[in-house]
Amino acid sequence: MTDASSIELRGEAATAAFGRALAPSLAQAAIGLDHALTVFLQGDLGAGKTALCRALIVALGYQGLVKSPTYTLVEPYQGLSGLKIYHFDLYRLSSPEELEFLGARDYFATTPAICLLEWPDKGEGALPSPDLIVTISGHGDARTLRLHTNSAPLQQCLASLCASFAG
């Protein structure tokens, strides 16, 4: 994957604002794909992966409580214009084979859809290649988001978005 962009954020509010700003680019990128747009979210426990997902899901048009899928492993949401959103938290996954029992292939084959996956390393070998990897690192309120993609249009949107947040 190509290193598209990097951004520094301070606090959960800034993370949520970035998620809201990122949502339209992801929705646009998901349209026309023959698979769900797949986003891997990597980072330590408490890094802000779920906060980013919540902001994305709401900004994509879901109106309701966004629950963490920590125990259910996946929560489905309906966004605007028929966009489906699947939020996975694979932290409690015992083995990648469990994804088969969840019917994960069906989620990744749905269109138009976005699959947000926290802890994707737990599903290694059973997941499709990501369209975007978001790696969150930092300590305290300071966070660095690194965004990697091979999609040229998505890469341009990410670079522009990160530049707007930096300035």
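Residues 24 or more positions apart make up 68% of the protein's contacts (heavy atoms within 4.5 Å) with a separation of 6 or more. This is a predicted model: local features need pLDDT of at least 70, side-chain atom pairs count only at pLDDT 80 or more, and totals for chains, interfaces and linings use all residues. Residues are numbered from 1 along each chain as its sequence is written, and side-chain values use heavy atoms, with hydrogens and water left out.

**Overall fold**
- The protein has five helices and seven strands, taken as DSSP runs (helices H or I, at least four residues; strands E, at least two).
- Their order along the sequence is β-α-β-α-β-β-α-α-β-β-β-α.
- The radius of gyration, over C-alpha atoms, is 15 Å. The globule rule (2.2 Å times the number of residues to the power 0.38) gives 15 Å for 167 residues, so the protein is as compact as a globular protein of that length.

**Surface and burial**
- Of the 167 residues, 49% are buried, meaning under 20% relative accessible area with a 1.4 Å probe, protein chains only.

**Helix H5**
- Leu154, Leu158, Leu161 and Cys162 are the buried residues of H5. They lie on the same side of the helix, because they cover an arc of only 95 degrees around the axis.
- Pro153 and Gln156 are exposed (over 50%) on the face turned away from the buried side.
- At the helix start, a side-chain oxygen of Ser151 comes within 3.2 Å of the backbone nitrogen of Leu154.

Terms used. Arc of directions from axis to C-beta. Polar contact = N/O pair within 3.5 Å; in protein donor to acceptor, adjacent residues only side chain to side chain.
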